[in-house]
Amino acid sequence: MVRKKGSLILCGAFLFVAWNALLLLYLWGRPPIGRLGEGGGAEPGGKEEWDVGRGKGGQVNLAGEVIRLAEEVEIQLETQKKLLKQIESHRAVWARQKDVGKRETEDTKEIKQEVVHQPQKPPLSRGDSVDDRHQTHVKHTQKPVHTVPTGSKVEQHQAIEIKEGIGENHKLATSVASPEVIIPILVIACDRVTVKRSLDRLIQYRPSPELYPIIVSQDCGHAETARVIGSYGDQVTHISQPDLSDIRVRPEHRKFQGYYKISRHYQWALNQVFNTFSQSTVVIVEDDLEVAQDFFEYFRALYPILRADPTLWCVSAWNDNGRDALVDPSKAELLYRTDFFPGLGWMLLKEMWDELEPKWPSAFWDDWMRQPEQRKDRSCIRPEISRTITFGRKGVSLGQFFDQYLRYIKLNTEFVPFTKQDLSYLLKEKYDEKFIKEVYSAPLVKIEDLQQAGSLKGPGPYRVEYSSRDSFKVFARNLGVMDDLKSGVPRTGYRGIVSFLYRGRRVCLAPPEGWTQYDISWS
């Protein structure tokens, strides 16, 4: 090896000397170089033409010629010096890249060994991505942003850090969410010009246009709404769903045509985000939602939790029982797990969309999401106090639930720095043990005890037990919470337990201890 290196050095030195010798001979016989702007120096017709190096009588001026050669050699040596510096700088860069590549290879090996819960990313459907790209009509495009690919090393390291924090009882600061992770906001729009209210709040509270690009997907072809969206210029990206045709449905479902179109629009828009724009996650809001000031902070902090825990499949900003009288205004930072899919401002990962998209329903997509075949015993995160409220009474549901429930939902007004908090308590291993113990160690009381002032002391929690579908509905109505069930799951319920505030006391409406599963026949 040493002999080989020595030979290379000698060869290089010989080439260097030979090159400079040839260069010197070339320069000696070369005519002088004239000055630009004076006729071209060495060109015929220049001021001095070919006799610049001659003295009187045509004799060669040796001293002048030597000086000229020395100057030109100096120029050539300076050029070589610059080239050598460039080679040296590139060599250092190549060495660093080689070292980084080696480290990345080692990290990849470690990640493959340690990340056992990381979902596999199925290959994208080439036909979907190509077709959608051709159909998309982009009216306003933001500056391109660099995304972190799904399942990237950054995201995998987040998952590892979270899991290690659990195993070693380390405090999890959710600021491990890398600032490079792009969290786009997808606004589903149709024919509401009041989308302006939603977009105004999103833009007002958005901490970074690069980290939170806003994509407005419009269906319906409503010109006035399109003008409102277009007025935001490059603050948003406006795309239009190209298929505005009616959908063929069976006669008894003609009145539900709107629900079919909404489902079609959702599928198209999510394909745009994940397949055309190549994002790894998204937060979906509708054009009648107003967001709280810590809306972006909330999702940024919960992104690594969602990615790390395979028993979670969404994060929602919505509390179905979030009316003013049912939430604790002093606990704006309190978060829960829920088996009920809330929607109304929710985060979805690319891997989950890859699972759902091939079987996406033709209508009623939100109730479809609540079916056990889709949920698969997975949960969502939801807040004590909602980070979104709806102001849209107009819609395909014709105001269903709006006047009775939705208009009274409380929007959070206190900024909570979630990214600086330890949110590891939301991971299933920790959450279940503490939550179940807290609920079933609470005093068992009757509704009459809660309704009679003075019969109970302290803020709770207190437990009210139900044993059937009918008893749940009776208790829920009497306590003021929503009483409907979807696939047997009560709104905000976790393991059948609904937690809320009643006259200033924490109450848990719960099934008997030892609960195992939901009964779909209760729906």
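Reader: Which side chains does a polar contact of 3.2 Å join?

Author: A polar contact is a pair of N or O atoms within 3.5 Å; within protein, one must be able to donate a hydrogen and the other to accept it, and residues adjacent in sequence count only if both atoms are side-chain atoms. Here the side chains of serine 499 and arginine 506 are joined in this way at 3.2 Å. The model is predicted: local features need pLDDT of at least 70 and side-chain atom pairs count only at pLDDT 80 or more, while totals for chains, interfaces and linings use all residues. Residues are numbered from 1 along each chain as its sequence is written, and side-chain values use heavy atoms, with hydrogens and water left out.

Reader: Where is serine 499 placed, and what does serine 499 touch?

Author: Serine 499 belongs to strand E15; helices (H or I, at least four residues) and strands (E, at least two) are DSSP runs, numbered from the N terminus. Its relative accessible area is 8%, so serine 499 is buried, a term for values under 20%, with exposed over 50% and partly exposed in between (1.4 Å probe, protein chains only). Contact means heavy atoms within 4.5 Å. Not counting residues up to four places away in sequence, serine 499 touches Tyr336, Arg382, Arg506, Val507 and Cys508.

Reader: What stands opposite tyrosine 336?

Author: Two strands pair if DSSP finds at least two bridges between them. E8 and E10 pair in the antiparallel sense over four bridges, and tyrosine 336 stands opposite arginine 382 in E10. From strand E8 (residues 335-338), Leu335 and Arg337 point one way and Tyr336 and Thr338 the other way; all are buried.

Reader: How many disulfides does the structure hold?

Author: A disulfide is a covalent bond between the sulfur atoms of two cysteines; the criterion applied is a pair of cysteine sulfur atoms within 2.5 Å. The structure holds two. Numbering the bonded cysteines in sequence order gives the pairing 1-2, 3-4.

In one of them, the sulfur atoms of cysteine 314 and cysteine 380 are 2.0 Å apart. Cysteine 314 lies in strand E7 (residues 312-316) and cysteine 380 in strand E10 (residues 379-383), so this pair ties together parts that are 66 residues apart in sequence. The link has 120 degrees about the S-S bond and is right-handed; both cysteine 314 and cysteine 380 are buried.

Cysteine 190 and cysteine 220 form a disulfide with sulfur atoms 1.6 Å apart. The torsion about their S-S bond is about -85 degrees, so this disulfide is left-handed. Cysteine 190 counts as partly exposed at 23% relative accessibility, as does cysteine 220 at 38%.

Reader: How many salt bridges does the count come to?

Author: Side chains of opposite charge can pair when their charged atoms come close. With a salt bridge taken as a side-chain nitrogen of Lys or Arg within 4 Å of a carboxyl oxygen of Asp or Glu, the count comes to 26.

One of them joins aspartate 320 to arginine 491, the closest N and O atoms being 3.1 Å apart. This pair links distant parts of the chain, with aspartate 320 in the loop between E7 and E8 and arginine 491 in the loop between E14 and E15, 171 residues apart. Both aspartate 320 and arginine 491 are buried.

Aspartate 288 forms a salt bridge with arginine 192 at 3.6 Å between the closest N and O atoms. Arg192, Asp287 and Asp288 are linked in a network of salt bridges.

Reader: Which helix holds both aspartate 354 and lysine 350?

Author: An α-helix has 3.6 residues a turn, so residues three or four places apart point the same way. Aspartate 354 and lysine 350 both lie in helix H9 (residues 350-356), four residues apart, about one turn of the helix. Their salt bridge brings the closest N and O atoms to 2.6 Å. Aspartate 354 counts as buried at 16% relative accessibility, and lysine 350 counts as buried at 1%.
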